[in-house]
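Take a walk through this protein, from the overall fold to a few single residues. Keep the structure open as you read.

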Amino acid sequence: MVALVYMAAKYRRHHVVILLSQPSTQKNNLVSNPLIGILGGTFNPIHFGHLRMAQELAESLQLNEVRFIPSANPPLKLAPLVSAKHRAAMVQLAITGNPGFKFDDRELYRVAADNLPSYTIDTLLSLRQELGGSASLILFMGSDAFSKFNTWHAWEKIIQLCHIALVQRPAASINVPLPKVLEIFLHNHYTENADDLREASAGYVTMQAITPLDISSTAIRNRLQNTHSARYLMPDSVLDYIQSNRLYSAGTG
Ligand code: ATP
């Protein structure tokens with residue numbers, strides 16, 4: 001949270017400049033166009049950090065729905081030990097009962113077809129085909145993910161297809177400076193006005209404060225491998241699935 005305030009303050013001084021240099025995306029003035037949140041991730045496994053972020057962003061940005069899109073073949077992570085099938089099943093269990101949360105398996109199908117890494121740019125192009133050009137797509141990103149955003153495939157084109165909503169992760173150090181290219185990127189796209197995300201279908205970056213939950217899939221995997229409990233870090237349904245399928249325990253996977 002402190003770091004988020006720090007980041008927001010850091011870029012507030014550029015606010016006027018940002019408003020003067022509008023993103024190239026045309027404003028469409030269609031207030032009724034849907035706002036769709038996108039939470040992509042390895043979800044290895046999904047946990048309350050993911051779910052709370054989605055819930056709080058859905059509320060603060062007044063989204064129509066949030067798509068949970070598990071990555072089949074994450075380009076920037078070591079190959080996950082647990083299969084995409086299991087990770088997707090855990091996501092489905094975790095979001096059951098929330099009508100605003102939707103499971104989206106497009107990356108799983110794509111990898112089956114071409115065996116390429118799950119690039120976000122391809123996912124966004126495919127979402128645009130489904131939803132059209134006027135829906136506002138809002139890609140959620142924790143601060144850890146954003147600090148490496150400039151290493152993503154075709155990263156500079158991503159903002160032409162969606163907005164980005166940043167949240168601070170408690171464990172991410174505030175002292176790690178952003179690469180210069182990302183500072184410039186924020187300078188050009190940052191807005192403090194959430195209404196901008198409704199009025200244009202892509203092109204803005206916003207930062208939103210959420211309840212900081214210092215939970216990560218890595219820490220959960222470590223706990224399980226060391227036979228410690230992961231209860232209250234994730235839904236019980238996901239924990240039950242992990243136990244029934246003997247995932248993450250030492251020597252299995
Ligand atoms: P791992 O520990 O294996 O790297 P992770 O916990 O970071 O996994 P991912 O599935 O890689 O989970 O994360 C997907 C997205 O959710 C990323 O943008 C990440 O920053 C964000 N995220 C994950 N956990 C949290 C959290 N506790 N609070 C806020 N954002 C989070």
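The paragraphs below go from the whole chain to its core, its strands, its ligand and some individual positions.

This is a predicted model. The chain has 253 residues, and 41% of them are buried. Its secondary structure comprises 12 helices and six strands. Now consider contacts between residues with a separation of 6 or more. Of these, 81% link residues 24 or more positions apart.

Start inside. The largest nonpolar core holds 62 residues. Ile38, Ala54, Leu57, Leu137, Ile138, Phe140 and Cys162 have the most contacts within that core. Which helix gives the most to this core? That is α4, spanning residues 84–95, with seven residues. Beyond its neighbours within four places in sequence, Leu57 contacts Gly37, Leu63, Phe140, Ala165, Gln208 and Ile210.

Find the two sets in β5. His163, Ala165 and Val167 point one way, while Ile164 and Leu166 point the other way. Both sets are buried.

Next, look at the partners of this strand. β5 pairs with β4 in the parallel sense, over five bridges.

Now turn to the ligand. There are 18 residues around it, and Gly41, Gly49, Gly142, Ser217 and Thr218 come nearest. Which elements supply at least two residues each to this shell? They are α3 (48–60), β4 (136–142), α7 (143–146) and α11 (217–225). The largest share, three residues, comes from α3. By class, the shell has seven nonpolar, nine polar and two charged residues.

The loop between β1 (35–41) and α3 contains Pro45. The peptide bond from Asn44 to Pro45 is cis, with omega near 0 degrees.

The loop between α11 and α12 (236–244) is the next stop, and Thr227 sits there. Thr227 has a phi near 55 degrees, a positive value in a residue other than glycine. Is Thr227 buried or exposed? Thr227 counts as exposed because it has 8 C-beta neighbours inside 10 Å, and the cut-off for exposed is 12 or fewer. Tyr232 lies in the loop between α11 and α12 as well. Tyr232 also has a positive phi, about 70 degrees, although it is not a glycine. With 10 C-beta neighbours inside 10 Å, Tyr232 counts as exposed.

Finish with Ile121, in helix α6 (residues 120–131). Why does Ile121 count as partly exposed? Ile121 has 17 C-beta neighbours inside 10 Å. A residue is buried at 20 or more and exposed at 12 or fewer, so a count in between is partly exposed. Leaving out residues up to four places away in sequence, Ile121 touches His153, Ala154, Lys157 and Ile158. Ile159 is 38 residues from Ile121 along the chain, and their C-alpha atoms are separated by 9.4 Å.

How values were computed:
Residues are numbered from 1 along each chain as its sequence is written. This is a predicted model: local features need pLDDT of at least 70, side-chain atom pairs count only at pLDDT 80 or more; totals for chains, interfaces and linings use all residues. A residue is near a molecule or strand if its C-beta atom, placed from the backbone, lies within 6 Å of it. Helices (H or I, at least four residues) and strands (E, at least two) are DSSP runs, numbered from the N terminus. Ala, Val, Leu, Ile, Met, Phe, Trp, Tyr, Cys and Pro count as nonpolar, Asp, Glu, Lys and Arg as charged, and the others, Gly among them, as polar. Two residues are in contact if their C-beta atoms, placed from the backbone, lie within 7 Å. A nonpolar core is a set of buried Ala, Val, Leu, Ile, Met, Phe, Trp, Tyr and Cys residues joined through C-beta atoms within 7 Å. Two strands pair if DSSP finds at least two bridges between them.
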